[in-house]
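Hi,

Here is the structure I promised to pass on. Could you take a look at it before reading my notes below?

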Amino acid sequence: MNKNELTKIFTGDERVVALAIRYVEQRGNRLPVDIAVSDRDARIIFQSLLNPGRYVFDNDLMRFGIARKDIAAAPRIRDVSDELISVLRGAVVLVWDRETVKLFTHSFGDVPERSAVSIRNAGDLYAGAVADEERRFSTVSIQAAARREGLYPYNNRAEADAGLIIRILKGLYEQPEQLSLFDSQENQ
């Protein structure tokens with residue numbers, strides 16, 4: 001990955017959005033509870049809590065600042081799938097990690113148009129952009145990337161992550177001379 005790839009994303013003719021999904025893991029199942037999409041200006045254009053259709057422990061939800069009563073009243077995935085797919089259709093969809101891709105693929109597996117969504121892994125793009133010759137980063141958490149780029153999430157919700165994905169990559173695109181700052185603290 002190089003600066004040209006970021007340039008292609010942010011100056012191309014395609015629409016760019018970021019997708020974030022928060023989930024809880026229970027008994028080997030990943031249950032989506034919060035989903036958001038931001039546009040290329042980091043504005044939220046779609047957001048919904050999700051009712052996973054199963055009991056979710058309060059401890060699992062508390063880390064996202066979500067109450068069980070909120071997801072109990074929320075729509076199920078099938079109820080938001082048409083609206084979500086229409087927001088993603090025709091866009092380059094940036095997600096931070098492979099787990100989100102798997103969760104999206106699994107959760108929206110019965111939506112025929114889901115397979116036409118073009119997903120790019122923003123975490124891999126970021127790791128490739130900031131890696132130097134001596135060191136390669138296979139994965140970088142969104143929280144670590146946000147800290148290193150001087151961006152801080154305001155909460156632990158999907159909407160915060162969706163906005164951060166865009167802000168982190170757009171920041172690299174707009175200020176490519178600062179790419180080496182990624183590991184400057186670790187090298188001192």
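This is a predicted model: local features need pLDDT of at least 70, side-chain atom pairs count only at pLDDT 80 or more; totals for chains, interfaces and linings use all residues.

Residues are numbered from 1 along each chain as its sequence is written, and side-chain values use heavy atoms, with hydrogens and water left out.

Helix 4 itself spans residues 77-88, and its buried residues are I77, V80, S81, L84, I85, V87 and L88. These lie on the same side of the helix, because they cover an arc of only 145° around the axis (taken from the directions from the helix axis to the C-beta atoms). Buried stands for under 20% relative accessible area, exposed for over 50% and partly exposed for in between, with a 1.4 Å probe and protein chains only. On the face turned away from the buried side, helix 4 carries the exposed residues D79 and D82. The packing partners of the buried residues are strand 1 (15-26), strand 2 (29-38), strand 3 (44-49), strand 4 (91-95) and helix 5 (98-107), where contact is heavy atoms within 4.5 Å.

Now to the pockets. A pocket is an open set of points on a 1 Å grid over the protein atoms alone, where a 1.4 Å probe fits, with protein on both sides within 12 Å along at least five of seven lines; lining residues have an atom within 4 Å of a point. The largest pocket has a volume of about 330 Å³, which is the space filled by probe spheres set on the points. Its lining has 17 residues, and R30, L31, P32, I77 and H106 lie nearest the centre. At least two lining residues come from each of strand 2, helix 4 and helix 5.

The second largest pocket has a volume of about 250 Å³. Of its 15 lining residues, I21, R22, D97, T100 and D161 are the closest to its centre. Strand 1, helix 7 (142-148) and helix 8 (158-174) each give two or more residues to this lining, with the largest share, five residues, coming from strand 1.

One last item is L6, in helix 1 (residues 3-11). L6 is buried, at a relative accessible area of 2%. Its C-alpha atom is separated by 7.9 Å from that of L125, 119 residues apart along the chain.

Best wishes

How values were computed. Helices (H or I, at least four residues) and strands (E, at least two) are DSSP runs, numbered from the N terminus.
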